[in-house]
Amino acid sequence: MRDIAWKLIEAMALQLTPEEREIVLGDLIETRETGWRGMREVSGLVARRQMQLWSGWRPWLAAPGLALPCSFMLMGFSFAISSELQTHFAYGLQLNLVSAEPAEAVLLLCQVLVLMICAWAAGFTVDSVSRRTLAASAICCFLPCLFCLLRFRHESLSRFCLLFFLFPALAGVCFSRRGGTIKRRWALALALAATVCMAVLAVRGHLWVLNWELIVPAWYLAILPVRPDRMAILRNEGRVS
Amino acid sequence: MLGEFEYLLITVAATLGENAYGAAMRESIAKATGRTCSMGALYTTLDRLEAKGLVETWMGESTPQRGGRAKRMVRVTSAGTAAARSFYDTMICISNRAPWAVRREGAE
């Protein structure tokens with residue numbers, strides 16, 4: 001029983017910085033707290049630390065500011081791409097883009113590029129803006145997914161096609177978690193590519209005006225790249241392993 | 001001016017001297033007040049005091065009774081001592097005429 005309680009305490013303490021985790025777990029061992037009391041102590045500290053985090057602007061930008069709206073809009077792109085691809089599949093086996101109109105192929109390519117770039121940039125930005133509230137950002141991302149999955153009604157498409165955007169988004173989060181940085185010229189190139197693709201889609205009437213928010217993370221990376229000194233600060237704070 | 005709990009922490013840290021760290025401070029507070037002090041309250045208040053320059057903290061050595069884990073050592077700065085003295089003087093001064101205050105010899 002005590003082992004299980006200790007495992008739970010250690011799991012909860014993962015929300016703390018490595019230094020504070022060591023201090024807190026050391027205190028619990030020294031004072032020989034019971035499992036239940038130890039859990040109460042650690043959860044109390046974690047709750048206070050989380051509340052402190054939310055007193056700043058970063059978690060608000062990352063979770064309800066980016067994760068929530070981007071999730072909704074990227075699901076729209078995922079659905080649009082799935083529908084387009086379905087129309088281009090000949091007998092469900094072979095991608096038959098060659099026979100499609102060139103303009104349609106360009107539009108599909110633009111949608112795919114926007115989805116890949118914007119989802120990756122959103123994942124990277126959400127994690128790098130507020131690393132320690134990633135769980136809350138993930139909830140803000142998954143709630144719209146759940147809402148749409150439950151209401152999805154389409155005869156020939158699986159409801160899981162809405163979740164295509166999660167692959168590049170998770171890749172962006174993982175890249176940021178590993179302390180990855182992107183060079184300014186690459187970030188600029190990605191932001192420009194996403195903007196051009198969105199402009200093409202807008203001209204052809206395939207873009208909702210609010211979808212322009214999707215390029216914010218890409219331009220955030222281009223204008224405010226994560227500098228090496230910023231990474232050093234994050235490492236010292238224990239936010240990057 | 002310090003808050004009540006901030007004063008308590010500074011006083012306990014000053015009393016413990018070189019042995020002032022989280023677990024020892026919690027134990028002293030529990031003995032003195034008869035109430036347990038949560039880790040959340042202790043460490044967030046220590047952060048606030050450190051930000052105000054009233055205490056200094058650093059990672060101490062790890063010991064076997066802590067499972068080889070380090071302590072967060074605490075030292076009261078001169079600004080912390082001055083703030084605690086000011087709080088103490090204010091409390092003594094304002095309590096002087098209170099019905100529950102023990103009259104000292106020579107006091108009005």
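Mentor: Let us begin with contact: two residues are in contact if their C-beta atoms, placed from the backbone, lie within 7 Å. This is a predicted model, in which local features need pLDDT of at least 70 and side-chain atom pairs count only at pLDDT 80 or more, while totals for chains, interfaces and linings use all residues. Residues are numbered from 1 along each chain as its sequence is written, and chains are lettered from A and ligands numbered from 1 in the order in which they are written.

Trainee: Leaving aside neighbours within four places in sequence, which residues is A:Ala194 in contact with?

Mentor: A:Ala194 belongs to the largest nonpolar core, a set of 45 residues, where such a core consists of buried Ala, Val, Leu, Ile, Met, Phe, Trp, Tyr and Cys residues joined through C-beta atoms within 7 Å. Here buried requires 20 or more other C-beta atoms within 10 Å of a residue's own, exposed 12 or fewer, and partly exposed lies in between, again with C-beta atoms placed from the backbone. Once neighbours within four places in sequence are set aside, the contacts of A:Ala194 are A:Leu113, A:Val114, A:Ile117, A:Cys118, A:Ile215 and A:Ala218.

Trainee: Which helix of chain A gives the most to the side that touches chain B?

Mentor: The contact involves 15 residues of chain A and 15 residues of chain B. On the chain A side, helix 2 (18-31) and helix 3 (35-53) each supply at least two residues. The most, ten residues, is given by helix 2.

Trainee: Within what arc do the buried residues of helix 3 of chain A fall?

Mentor: The buried residues of this helix are A:Gly38, A:Glu41, A:Val42 and A:Leu45, whereas the face turned away from them carries the exposed A:Trp36 and A:Met51. Taking the directions from the helix axis to the C-beta atoms, the buried residues line one face of helix 3 of chain A, because seen down its axis they fall within an arc of 85°.

Trainee: In what order do the elements of chain B run from the N terminus on?

Mentor: Chain B has four helices and two strands. From the N terminus on, its elements run α-α-α-β-β-α.
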